[in-house]
Structure formats: C-alpha cells, structure tokens
Amino acid sequence: MDEGFNAYNPIVTCDKLLDYPSLCLALGREKSVGGSMPTDIDAAYQFLKMAERGYQRNLANGQTMYQKAFEAVEKMLVDNQYDPVREQVDALLEESN
C-alpha cells in the first residue's frame with residue numbers, strides 16, 4: 001500500500017479533471033482500500049477531492065442530477081483511511097485557490 005503525500009504528482013492541480021467528476025469518483029473509489037485497482041491513498045483522496053469540486057460546480061450550475069453522487073463523495077472523504085494525506089492535500093488545494 002502506497003501511503004503518504006505524492007508531492008511530485010499533484011492531481012488536485014489539474015483543473016481539467018473538474019470536467020469529469022464521475023471519472024474522478026470512480027478512480028478515487030477504486031484506488032482506495034478495497035477497490036479493484038492497486039491501493040494508492042494519496043491518489044485516491046486527490047481524485048475524490050476533484051470529484052467533490054467538480055460536482056460542486058455542476059450543482060452550482062443547476063445540474064441537480066449530481067446531488068447523490070456528490071453526497072457519496074462527501075461520505076467517502078471522511079473515511080479515516082485518508083488521514084495520512086488529508087492535511088497536505090487540503091493545504092495544496094488552499095494554495096491553488
């Protein structure tokens with residue numbers, strides 16, 4: 001299992017991914033513990049944060065069909081498996097905004 005923040009590959013700085021929140025949700029889910037891809041908590045959390053931001057943007061634009069997916073992302077993000085990288089990824093997001 002790859003734990004720890006990957007400063008050389010900051011997924012959260014790729015704003016183009018905001019156009020694909022469902023892809024980010026799927027990648028985040030599958031790279032998390034129990035997913036079908038090799039576990040990478042750093043990448044998983046970053047993809048989930050991009051899904052969260054993308055869904056927020058869609059909801060703000062009136063696309064209410066994304067509400068349940070947004071809620072699923074919010075539920076996943078609080079999981080303690082992301083604790084090792086949460087602070088660093090969130091700080092990077094703060095810097096990029």
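Reply: Leaving aside residues up to four places away in sequence, L93 touches V12, K49 and R53, where contact means heavy atoms within 4.5 Å. This is a predicted model, so to speak of local features we need pLDDT of at least 70, and side-chain atom pairs count only at pLDDT 80 or more, while totals for chains, interfaces and linings use all residues. Residues are numbered from 1 along each chain as its sequence is written, and side-chain values use heavy atoms, with hydrogens and water left out.

Me: Is L93 buried or exposed?

Reply: Buried means under 20% relative accessible area, exposed over 50%, and partly exposed in between, using a 1.4 Å probe and protein chains only. L93 counts as buried because its relative accessibility is 7%. L93 and M50 are 43 residues apart along the chain, and their C-alpha atoms are separated by 9.8 Å.

Me: Which helix does L93 lie in?

Reply: Helices (H or I, at least four residues) and strands (E, at least two) are DSSP runs, numbered from the N terminus. L93 lies in helix 4. The chain has four helices and zero strands, giving the pattern α-α-α-α along the sequence.

Me: How do I describe two packed helices?

Reply: You use the angle between their axes and the distance between the axes. Axes are lines fitted to C-alpha atoms, for helices over the stretch in contact, and angles run from 0 to 180 degrees between N-to-C directions. Here, the axes of helix 2 and helix 4 come within 10 Å and cross at roughly 45 degrees. That angle is why helix 2 is oblique to helix 4: under 35 degrees counts as roughly parallel, over 145 as roughly antiparallel, 65 to 115 as roughly perpendicular, and the rest as oblique.

Me: Which residues make that contact?

Reply: From helix 2 come I41, D42, Y45, Q46, K49 and R53, and from helix 4 come V85, R86, V89, D90 and L93. They divide into five nonpolar, one polar and five charged.

Me: At what angle do helix 1 and helix 2 cross?

Reply: Their axes cross at roughly 155 degrees and come within 7 Å. So helix 1 is roughly antiparallel to helix 2. Helix 1 brings P21, S22, C24, L25, L27, G28 and R29 to this contact, and helix 2 brings A44, F47, L48, M50, A51, G54, Y55 and N58. By type, these residues are 10 nonpolar, four polar and one charged. In helix 1, the buried residues are P21, C24, L25, G28 and E30, and their cover includes helix 2 and helix 3.

Me: Where do the buried residues of helix 3 fall around its axis?

Reply: For this you look down the axis and take the arc of the directions from the helix axis to the C-beta atoms. Helix 3 spans residues 67-77, and its buried residues are F70, V73 and L77. They fall within an arc of 60 degrees, so they line one face of the helix. K68 and K75 are exposed on the other side. The buried residues pack against helix 1 (21-30), helix 2 (41-60) and helix 4 (83-96).

Me: And for the whole chain, what percentage of residues is buried?

Reply: It is 39% of the 97 residues.

Note on methods:
Ala, Val, Leu, Ile, Met, Phe, Trp, Tyr, Cys and Pro count as nonpolar, Asp, Glu, Lys and Arg as charged, and the others, Gly among them, as polar.
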